[in-house]
Amino acid sequence: MESAKATLDANDCVTEIDERLYGNFVEHLGRCVYGGIYEPGHATADAAGWRHDVLEMTQQLAPPIVRYPGGNFVSAYRWEDGVGAKSLRPQRIDLAWQTMESNQVGTNDFMDWCKLVGTTPMMAVNLGTRGIIEACQLLEYCNHPSGTSWSDLRISHGYPEPHAIKTWCLGNEMDGPWQTGHKTAEEYGRIATETARAMRQYDASLELVACGSCGPYIETYPEWDRVVLDLAYEQVDYLSVHLYVHDIDRTPEAYLGVSELMERQLRTTLGLCDFMKSRHRSKKTMMICFDEWNVWNWNYLRPEGLQPWQTAPPLVEQIYRMIDTVVFGSLLITLLKHADRVRIACVAQLVNVIGPIMTETGGRAWKQGTYHVLDHGSRFGRGEVIHFRLNSPTYECSEFGTMPYIDAVATRDLTSGEIAIFSINRHLHQALDLSVRILHDGITECIEHISLFTNDPEVRNSPDQPEEIHPRTMQGAQITGDQLFATLPPLSWNVIRLRQKSHA
Ligand code: AHR
């Protein structure tokens with residue numbers, strides 16, 4: 001097979017990257033909170049109950065923003081249940097996941113955890129079973145300094161300083177019939193608009209996110225987005241978009257091309273946003289908050305025979321294979337290609353629930369393959385997206401047409417000047433050569449070529465074998481004259497890091 005050929009120009013910036021593209025998500029779902037980030041009595045837990053093995057792995061991922069508390073969970077959530085003395089907090093049923101919620105973690109606790117991680121929150125309000133007034137009360141509780149009943153209540157709970165939460169989601173997936181308090185687009189568009197107006201009456205500088213479609217699979221997509229944007233365009237800053245991809249009823253080749261779904265979803269949604277900008281004669285450009293994305297095969301939902309109303313049962317715990325890891329990488333590459341408009345993106349979710357981090361309750365924590373992809377992106381993929389034009393050998397796939405075997409994007413770190421080429425090889429059996437012509441003369445050397453690959457697409461990590469999928473340093477990537485050569489192993493995720501002369 002011919003090699004893939006590309007051109008790279010670090011002097012040609014395509015777009016700056018908002019670092020919040022490497023965001024994450026913590027929902028009260030399954031073992032994400034309880035048994036995930038929080039487990040009093042665990043060998044690594046601190047006095048507040050935070051698991052430090054999970055904390056350290058999270059710190060390494062350095063998510064600049066974490067969405068909380070849901071997800072479907074938020075749509076019947078009473079935030080008041082989760083604040084104040086833990087011994088007085090009520091035990092409730094959670095309608096979304098049919099579990100028991102102890103409320104031992106709530107808003108203030110999450111803010112404590114954010115501080116430990118070194119991240120900022122993106123707080124969701126309940127627009128399913130509640131409305132404008134409860135959203136405003138939560139805002140006042142969190143952000144008002146003092147002297148009102150809600151802010152003084154926060155102070156009485158031991159938080160004298162306001163949390164100063166800037167970014168807020170106006171509900172979650174309100175287009176989904178599974179959502180408690182599900183709404184039509186008109187109903188949601190109206191309540192989102194009025195909630196946003198009320199929240200802005202308190203603080204005009206808040207960043208507000210309206211629910212777009214929960215994915216391209218749902219019947220109301222993309223009409224939902226059109227109606228919601230028509231009503232809420234001037235009141236919100238971001239449209240929330242979700243996508244979970246899976247291998248159900250797909251060949252491995254088609255599954256490996258599934259990032260094309262995200263590509264099409266983004267093009268359609270951005271087209272709608274821009275149509276609405278013109279229609280409303282608006283000066284504002286709507287940005288995308290891709291606040292749930294991941295690989296999720298829906299057969300991983302609840303273990304067979306699991307009875308409802310359990311506390312922290314193992315829900316949605318998919319163990320990722322090598323092939324899933326490459327698909328995950330292809331989604332990250334797609335998000336980076338759209339970094340001019342995707343300003344926030346959150347992997348759903350951080351721990352256990354289709355998580356890059358997995359735990360045993362009372363035991364070990366370990367990393368899935370997806371953890372390493374995210375780690376690479378977050379560590380090496382900040383700064384700006386730069387010119388990288390690729391011509392790859394292709395294959396035919398009935399669902400998505402002609403697909404390139406190699407997909408890639410390049411970034412440049414503004415401080416170090418280092419360049420990173422993130423790429424996948426979708427070929428299941430064959431290594432592929434990549435040759436890149438460097439269009440400017442500043443690059444001096446290849447720092448390293450890191451790759452994730454295994455001998456078998458089905459291989460996965462586990463607590464006993466946590467390193468089956470792990471970053472390997474590759475030999476052979478080199479620069480000769482103005483050409484960079486590298487070989488990408490079959491079914492692999494790769495990062496090729498280059499140094500620029502002026503920063504050497
Ligand atoms: O991330 C799991 C669930 O997927 C979220 O709660 C919901 O928003 C989506 O349907």
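Me: How far is an oxygen atom of the ligand from an N or O atom in the side chain of glutamine 349?

Reply: This is a predicted model in which local features need pLDDT of at least 70 and side-chain atom pairs count only at pLDDT 80 or more, while totals for chains, interfaces and linings use all residues. Residues are numbered from 1 along each chain as its sequence is written, and side-chain values use heavy atoms, with hydrogens and water left out. Between the side chain of glutamine 349 and an oxygen atom of the ligand, the distance is 3.0 Å.

Me: What share of the ligand's accessible area does the protein cover?

Reply: Accessible areas come from the Shrake-Rupley method with a 1.4 Å probe. On its own the ligand has 280 Å² of accessible area.

Me: How many residues of the shell around the ligand are charged?

Reply: The ligand is surrounded by residues (each with a heavy atom within 4 Å of it) that include Glu27, Trp97, Glu173, Tyr244 and Glu292. Tyrosine 244 has a polar side-chain atom 2.7 Å from an oxygen atom of the ligand, and glutamate 292 likewise has one at 2.7 Å from a ligand oxygen. Asp, Glu, Lys and Arg count as charged; Ala, Val, Leu, Ile, Met, Phe, Trp, Tyr, Cys and Pro as nonpolar; and the others, Gly among them, as polar. The shell divides into four nonpolar residues, four polar and, in the charged class, three.

Me: Is asparagine 172 buried or exposed?

Reply: Asparagine 172, a member of the shell around the ligand, is placed in the loop between β7 (167-170) and α5 (185-202), where strands (E, at least two residues) and helices (H or I, at least four) are DSSP runs numbered from the N terminus. Its side chain has polar contacts (N or O pairs within 3.5 Å, one able to donate a hydrogen and the other to accept it) with the side chains of arginine 67 at 2.8 Å and glutamine 179 at 3.4 Å. Buried means under 20% relative accessible area, exposed over 50% and partly exposed in between (1.4 Å probe, protein chains only). Because its relative accessibility is 0%, asparagine 172 counts as buried.

Me: Which residue is joined to glycine 71 by a cis peptide bond?

Reply: Most peptide bonds are trans. Glycine 71 lies in the loop between β3 (65-68) and β4 (92-94) and is one of the residues surrounding the ligand. With omega at about 15 degrees, the cis bond joins glycine 71 to glycine 70.
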